[in-house]
Amino acid sequence: MWLDGCANLSARLLKDGKAEGVAWARRFVELAPATDIRVSALAGLAAHVEGRIPDALAAWAHAMTVASDIPAGSADDLASALADISNTLFAQWQDDQARRTELALAAARVAGRLVPTRPDLRFQIIRCLVRLVRPQEAVPEIEGYVALVGAGAADDKNLLLQWGMRDLAAGDLAAAEEHFSRCAQVDTGWALPESHRALVALRRGDTAQAATLAQAGCTREPRNYFANQCRGLVEFEAGALAEAVASLKQASAQAPNQPLAKLLLAMVLDGAGQGAEAVAAYREADAEGGALMHRQLALYPPAYQDRVAKLAQKAG
């Protein structure tokens, strides 16, 4: 009982970023058996609070190899602390987004192992994997989420959107269209499903259908950056270059923390013959988004990767 209280107290303190939590975590690590998954979970949480990211990742990776047979309810506070850390990391776009998302994924996986019955923890794993463009790994997590939620999964708009994005990354356009369409039916005021359907149409080469869907997204949420971004890409494919540049500039201005929006703007500027501005936008996006941003191009028409590669050569 004392060990359980020690672990819970440490978790609550560490969740709030308090240094006292590190001391309690060390106390627990010293006294608990190494076979207790909470030893590695708390060690990782303490390392994260102290800014020792490699140590946090290593500890959480080890936690996934340890048996999780601990008393029921004894890890609820620790799982919640890890979930909060994961959600906070996922929401932060500055600095190295790939590293932050990998860290968010590691924390969520340990939390899910501690309390495997919480759907929100499984969903956090899904969206981390989707952002990291790891579609095959997302499949069993989606299946696990559906098993936990049951019939409610059919109307879970957040799951449907992530599922569709997973399908897009995997190149399964039929499945992506199915999931995005259902999502659009569940929430008739949300721009994202219709805008993603426009991407599916672009991937299929159906510019007319893409235009209809992109406009539907903008009608639903005129100030949604992703809706305006997709509209700009449709305009670009239709040869309306001036309009495309305006739409992508609007989208990039609406979401200055989204490097992919800047990258797509750079591509459109280059296609519109505005080479110098395109190179400048590309360099800015590349510095902010890095390799992860380029992997995320997998959701877009394959030709975009060739266009971006040529622009990268121009940018040196």
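The following paragraphs describe two helices, H1 and H15, and two individual residues, Asn-158 and Gln-296.

The structure is a predicted model, in which local features require a pLDDT of at least 70 and side-chain atom pairs are counted only at pLDDT 80 or more, whereas totals for chains, interfaces and linings draw on all residues. Residues are numbered from 1 along each chain as its sequence is written, and side-chain values rest on heavy atoms, with hydrogens and water left out.

Helix H1, which comprises the 14 residues 2–15, reaches 20 Å from its first C-alpha to its last, close to the 20 Å expected at 1.5 Å a residue; helices here are DSSP runs of H or I with at least four residues, numbered from the N terminus, and the expected span is 1.5 Å times one less than the number of residues. Its buried residues (buried being under 20% relative accessible area, exposed over 50% and partly exposed in between, with a 1.4 Å probe and protein chains only) are Asp-4, Cys-6, Ala-7, Asn-8, Ser-10, Ala-11, Leu-13 and Leu-14. These buried residues pack against helices H2 (20–31), H3 (37–49) and H5 (76–91). Gly-17, which follows H1, has a positive phi, near 75°.

Because 12 of the 13 residues of H15 are buried, the helix is largely enclosed by the rest of the structure. H15 is followed by Gly-273, whose phi is positive, near 80°.Asn-158 lies in helix H9 (residues 157–170) and is partly exposed, with a relative accessible area of 38%. When neighbours within four places in sequence are set aside, Asn-158 is in contact (heavy atoms within 4.5 Å) with Phe-123 and Trp-190. The C-alpha atoms of Asn-158 and Arg-127, which are 31 residues apart along the chain, are separated by 9.4 Å.

Gln-296 is located in the loop between H16 and H17 and counts as buried, at 16% relative accessibility. The side chain of Gln-296 reaches the backbone oxygen of Arg-131 at 3.2 Å. Apart from neighbours within four places in sequence, the contacts of Gln-296 are with Gln-97, Arg-131, Val-133 and Leu-260.

Key. Polar contact = N/O pair within 3.5 Å; in protein donor to acceptor, adjacent residues only side chain to side chain.
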